[in-house]
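Welcome! Take a moment to look over the sequence and the 3D view before reading on.

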Amino acid sequence: MKLVSILVAGILFGAGLVVSGMTDPARVIGFLDFTGDWDPALPFVMAGAVTVFGLGQLILRKRKIRLFSTDLPDTASMPISGRRVFGSVIFGIGWGLGGFCPGPALANLSRLSGQALVFVPLMLVGIVLAQRLLGMDR
């Protein structure tokens with residue numbers, strides 16, 4: 001049942017990316033292009049996603065619901081560290097340069113997009129390098 005739920009969540013996430021147009025790297029690059037043809041769609045998509053996630057977390061915490069006998073994470077025990085800030089900066093730089101983050105990149109990989117065929121392997125190399133060289137495995 002847990003795997004079915006994960007599959008359904010992944011399909012819903014992918015469908016949301018496709019419907020919102022966020023699988024198109026030009027949309028992300030357009031948002032970052034303040035001097036050219038600026039596209040303001042990205043913050044609205046993000047706001048919608050954060051709102052749905054936040055409401056879901058609020059409902060689960062208030063009702064003390066456990067999904068698959070798993071406790072909800074205690075965010076107070078996850079302080080901001082230099083490693084997390086560095087990882088976020090690297091993620092942002094890659095996102096800005098490539099126009100992809102992992103979700104849309106994988107969605108584009110499924111349709112054999114040339115950009116995704118280059119981006120995803122390089123993303124995997126970056127993950128392995130971060131784990132081995134910087135100890136960023138958590």
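How are α5 and α6 oriented to each other? In this predicted model, the axes of helix α5 (residues 102–109) and helix α6 (residues 114–133) come within 9 Å and cross at roughly 130 degrees. Angles of 65 to 115 degrees count as roughly perpendicular and those over 145 as roughly antiparallel, and α5 and α6 are therefore oblique to each other. The crossing of α5 past α6 is left-handed. On the α5 side, the contact is made by P102, A105, L106, N108 and L109, and α6 brings A116, L117, F119, V120 and M123. Of the residues in this contact of α5 with α6, nine are nonpolar, one is polar and none is charged.

The contact of α2 with α4 has six nonpolar residues, two polar and no charged ones.

Here are the two pairs in a table.

| Helix pair | Crossing angle | Axis distance |
|---|---|---|
| α5 and α6 | roughly 130 degrees | within 9 Å |

Now for the whole protein. There are six helices and zero strands. The C-alpha atoms fill a box of roughly 45 × 40 × 30 Å along the principal axes. Buried residues account for 20% of the 138 residues. The accessible surface is about 10,300 Å², with 72% of this belonging to carbon and sulfur atoms.

Methods
Residues numbered from 1 in each chain as written. Predicted model: local features only at pLDDT ≥ 70, side-chain atom pairs only at ≥ 80, totals over all residues. Heavy atoms only, no water. Axes fitted to C-alpha atoms, helices over the stretch in contact; angles between N-to-C directions. Helix = DSSP H or I, 4+ residues; strand = E, 2+ residues; numbered from the N terminus. Parallel < 35°, antiparallel > 145°, perpendicular 65-115°, else oblique. Left-handed = near helix turned anticlockwise from the far one by under 90°. Contact = heavy atoms within 4.5 Å. Nonpolar A, V, L, I, M, F, W, Y, C, P; charged D, E, K, R; others polar. Buried < 20%, exposed > 50% of the residue type's maximum accessible area, 1.4 Å probe, protein only. Areas by Shrake-Rupley, 256 points an atom, 1.4 Å probe, with all protein chains shown as cover.
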